[in-house]
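Thanks for coming. Please have a look at the screen first.

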Amino acid sequence: MPQPTDLIPVPSSVPTGFMVFCRFPGASPSASDVFQEAKRWVMDKVDPPLREMIWAYLNPELMIVDVASRRDVPIEILRQCAPMLSEEQRQEIDAATHVISVRASDPLPGPRLGLFAAVAAAKACAERSGARVALDADTASAFPLSTPFHGLHSGVEPCLASFIRCPYSFGDHGAAYMTTIGMARFGLPDLQVIGIPPIDIQALGGTLIGLCQVLITMVRSADGGYENPAAPVPAILETAVTEFYLQMSGARAADTPAVSKDAVARVRLEYQPQPGNPERSFFTLRPPAGYSGDYGAWLHSLVNTFFAPEDTMHNVVHGSGMEQAHRRAIAELPSIKQRYLSGALGPWRFGVKHGFTVGDPRDGNHEYMWVFVREWVGNRIVGELVNSPRMRKDLRMGQRIELTEADVFDWIVVGPNGPQEGAYTDRDFS
């Protein structure tokens, strides 16, 4: 594979900041008060050597602190953050009398002392005032004030799971799209995944955050240390994400065991610039060079390298109840097909169940699995396998599957919170 010649420049410094919404029945603190409170908080909450390093950063020459009335907050910031806030958080913001903003900047590829100093000041303000909401404008979301400070860093490295978000949405016929938000804070483009099949979204997000850690470490280690400017990043690159980086980034919850401490997966990233709109310029996740299989199958294998797949299989016990459920599904199939083709199902996902033959067809044994529908043209249905096969070892989760309408055993419509319609044969007939 030829080496790419296009490079993405990394800025020499990056800003960061938080807005803490507080209630002060009397006089509000001054900027000097905030600095002093933050220094006391750091001495009490942060361990050396990071404690002394942050303490030195907490001064007006390196940071900006503003205390303003709640009504002076730009409405654009609130609108940007609103979709990712809970109703309780919005109520807390509405009830606030003041907002304290803390802003700092960090050189790249140096240690993120400005980021940690801003976090420390935000946490100190929240504890003093009883504030429950701090907005992080870089990720258009609420910053987790309840997270212990030692959980935000490893040595002097940020714990990315606290500073990166992975929102997702559904497009036509239920195809999902995911991006990261917050990589600009580290001088890098965000990542995007397009055309996501039915998959463990949380596990995919964790895998992306681990990959973000790989990129940030790449910038930090380039050219040998903090004294040199950050080196440009190739616009097309292949790299590996490992369990080590998932652990380092905090992407794995404490109660989620690793599949293997030596897990490793190769990926390809392609930068797609949008002239004049850098906020919409992303690294797109691709399979590594030489991969020739289905994209959905590769994406499942990538995620399953680090997160064990959930067992979603159901035994099909033939009997009068099951036969009745099957007949009902087939009777309603023309109607649900019309709704799917007309777009009436909206962004919700639609799938069909098929009994895949196991062994000698004359024995009548089948493994029943769901197929996420991508196309339905005439009598032909094309989709991706949702389940991880137990008996059909020639099939893989995410693999492209072609069926006919006569092959359908059941159908399902899945909304954001789970099954909404159909799945008649998944019910308990005991």
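Among contacts in the protein between residues at least 6 apart in sequence, what percentage join residues at least 24 apart? The figure is 68%. Please keep in mind that this is a predicted model.

The protein has 430 residues, and 49% of them are buried. Nine helices and 21 strands are found in it. If you follow the C-alpha trace along its principal axes, it spans about 80 × 55 × 40 Å.

The largest nonpolar core holds 85 residues. Which residues have the most contacts inside it? They are Ile54, Phe149 and Leu285. Helix 5, residues 113-129, gives the most to this core, namely 12 residues. Apart from that core lies another, made of 22 residues, including Ala329, Val352, Trp411 and Tyr424.

Let me stay with Leu285 for a moment. Leaving aside residues up to four places away in sequence, Leu285 touches a list of residues, among them Gln192, Val193, Leu208 and Leu211.

On the helix 1 side, the residues in the contact are Asp33, Val34, Glu37, Ala38, Trp41, Val42 and Lys45. On the helix 5 side they are Ala120, Ala121, Lys123, Ala124, Cys125, Glu127 and Arg128. How many residues of each class are in this contact? Eight are nonpolar, none are polar and six are charged.

Last, the cysteines. A disulfide is a covalent bond between the sulfur atoms of two cysteines. With a cut-off of 2.5 Å between the sulfur atoms, the count of disulfides is zero. Take Cys159, which is in no disulfide: the nearest cysteine sulfur belongs to Cys212 and is 12 Å away. Is Cys159 buried or exposed? Cys159 counts as buried because its relative accessibility is 10%, and the cut-off for buried is under 20%. Cys212 is in no disulfide either; the nearest cysteine sulfur, that of Cys166, is 6.5 Å away. Cys212 is buried too, with a relative accessible area of 0%.

That is the end of my part.

Technical notes: Residues numbered from 1 in each chain as written. Predicted model: local features only at pLDDT ≥ 70, side-chain atom pairs only at ≥ 80, totals over all residues. Heavy atoms only, no water. Buried < 20%, exposed > 50% of the residue type's maximum accessible area, 1.4 Å probe, protein only. Core = buried A, V, L, I, M, F, W, Y, C linked by side-chain atoms within 4.5 Å. Helix = DSSP H or I, 4+ residues; strand = E, 2+ residues; numbered from the N terminus. Contact = heavy atoms within 4.5 Å. Nonpolar A, V, L, I, M, F, W, Y, C, P; charged D, E, K, R; others polar.
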